[in-house]
Amino acid sequence: MRNQPTAEPEVTQDLLREAYENTRTLTLWGAGAYILFLPTPFLRFPLRTAVLLAVLQLSEIACLLLIRFAQSQGKIPLHRANEALAATLAVPMVDLLIRSYVAYTPDRAYLVALYLIAVGVFCLSRMWVAVLLGTTVATWLPLVWLRPESRSIVETILPLAAGSVVGLLARNVRMGAVRRVERLRQRDVRHLHEARVNEAKFREEAGVSAALARVGAELIAALDEPALLDRLCRLTTEVLACDLSHTYLRIGSEDVFMPVSVYGHTREHEEMIRALRLAPDLNPGLASFLERLERQEVVTTDLSTQPGALAEHGRRHNIVHLLHVALRRGGRVIGFHAAGYYGNHEPFTAVQIRIATGLAHLASLALENARLLSELGRASQLKSDFMATMSHELRTPLNVIIGFSDLLRGGTFGALSRDQLGVLESIDKSTRDLLELIVATLDLSRLERGEVPLDIGAVDLGELVNEVHDENVTLWQRAGRDFAVHVPPTLPVVRTDRMKLKVVLKNLIGNAAKFTPGGRIEVDVQARADGVEIRVVDTGIGIAPEVMPTIFEPFRQGDASGVRAQDGVGLGLYIVRRLLDMMGGTVDVESTVGVGSTFRVRVPFSVTGGLKAKS
């Protein structure tokens, strides 16, 4: 059976020390009081009785001083403090008992009563309180029996009874306070223990979170798979504080794994690992190892449980512990990642295993992202190649159609009627629109493949803007649009790609003309602190707020309706943005529906780089 808790709380070291110091105080003051009253028996009793009482009092003084001397010499240990205190308080009771036989005086009853109260206040032991009270009762009986004069209730019995009751009450009050203090201390100790446990857990959690945050940030920054795998191995050795790391990935759909990244191994061991091909038929234990990876987040192994060739290499290179985590795509294991120690080292801790578990999740996600990015890159390359091929193949027959249309309109094959000329004009316009689309698509594919080099040279922006104006002003004026150019004469020369900047201006002005029927278009050029700003302002139909975020995307127009009212395929503004990105410039737009739009182009004074430079 389990031990039942006692009603008496454990006396703490502090309370024992307090009782010990109380004993030292009482022995000193008690001895001093007895010495002070040593002459009084000679004033009240005959010589023989007075000598006897003086000898008794001297013996009591000696007892008190002996107790104090024993304490000062360390003869009374701290855990005996209650016994020493009880002995000190028992001295006056023995004095009263002896005096009841020699020469009784009622004042001794009051002295004993005070000592009884002191017992209750200072003594912590229930046993010694009972002993002292028993001694008091034993003192009353001789008093009542031998000294009829001591039977007075007021003089003897009442003081002793009152002292006993007050002493007991004082002891109970003190012990109640002791219990409360003890409970509070136990609660504080428990809370302190819980706080330390929680602090340790918090530090552990903070360490795990910090390690995984670092791993996640660095793995996300790696976009291609080889760099990602190399970074994964390096990070593993750093966050787990281990010696080595390597990664195996599944080849195709079979249970064959090959090493794709190795870190922390010796050159010889690295070459041996990179030559390995793990397959169930060649490596005993691989199948059961893979089954464990399927079921568990982390698999820890030593030399005796490593699969096949890995165990052999581990023994040869003194690898004692390995920790494996599964790399997954969906629910399928696509590989495993390992970390290990050389030499005599302790196994991986629970915190390291938790970090490794999170690391496996992050690595699986990063590998999947890298795979998707690779597939998107291949798809984008196929799209660009397809667009370039189709554009090239379509442009050849269109040029033939345009050439024959020009011959027909020139009368090379005979005169045409007015109706025939009208039909031929429609064919020519549609053909040229289609050719413009094909050229724009070809330019787009070249931009996306990075096949458009920069041709950096000095550019006079005033001359360039006026050139664009002169080439197109007749066409725009014929359509009923006003066109104005504002270029300050002190505009500085910039170093950029002239032809690409011209394409940017033509596309922006052409876009403004397309959406400004019968309105006004202005081109304003101003020098800024870091470059030149070109504003193209129109009074056209404006751009709706809901389509504003998409106007610089390919194949988009500023018309949100399902049927476009304007010609074009929505590549002009996309090409503008891409060309400005190449030249280190920017473009933004402000627009109000029904009022017009303002496009701002900022070009730096000098473009760094370029494949060809002109003076």
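Buried residues have under 20% relative accessible area, exposed ones over 50%, and partly exposed ones lie in between (1.4 Å probe, protein chains only). The model is predicted: local features need pLDDT of at least 70, side-chain atom pairs count only at pLDDT 80 or more, and totals for chains, interfaces and linings use all residues. Residues are numbered from 1 along each chain as its sequence is written, and side-chain values use heavy atoms, with hydrogens and water left out.

**View A. The ring pair Tyr-341 and Phe-348.** Phe-348 counts as buried because its relative accessibility is 11%. Tyr-341 is buried as well, with a relative accessible area of 2%. Rings of Phe, Tyr and Trp (its six-membered ring) pair if their centres lie within 6.5 Å; planes under 30 degrees apart count as stacked, over 60 as edge-to-face and the rest as tilted. By this rule there are 4 aromatic pairs. The ring centres of Phe-257 and Phe-336 are 5.7 Å apart with planes at 50 degrees, so that pair is tilted. For Tyr-341 and Phe-348 the centres are 4.8 Å apart and the planes stand at 35 degrees, so this pair is also tilted.

**View B. The cluster of Tyr-248, Phe-257 and Phe-336.** Ring pairs link these residues. Both Phe-257 and Phe-336 are buried. Helices (H or I, at least four residues) and strands (E, at least two) are DSSP runs, numbered from the N terminus.

**View C. A nonpolar patch on the surface.** Val-400, Phe-404, Leu-407, Leu-408, Phe-413, Leu-416 and Leu-421 make up the patch, with about 570 Å² of accessible area together. Accessible areas come from the Shrake-Rupley method with a 1.4 Å probe; for residues, only the protein chains shown count as cover. Helix α12 (residues 350–409) supplies the largest share, 4 residues. Phe-404 is found in helix α12 and counts as partly exposed because its relative accessibility is 46%.

**View D. An open sheet of 5 strands.** The order is β7-β9-β10-β12-β11, with mixed pairing. The edge strands, each pairing on one side only, are β7 (482–486) and β11 (586–592). Two strands pair if DSSP finds at least two bridges between them. β7 runs parallel to strand β9 (residues 520–527), joined by 5 bridges. Asp-482 has Arg-520 in β9 as its bridge partner.

How values were computed. Patch = residues over 30% accessible without salt bridge, like charges linked within 9 Å, V, L, I, M, F, W, Y side chains within 5 Å. Salt bridge = Lys/Arg side-chain N within 4 Å of Asp/Glu carboxyl O.
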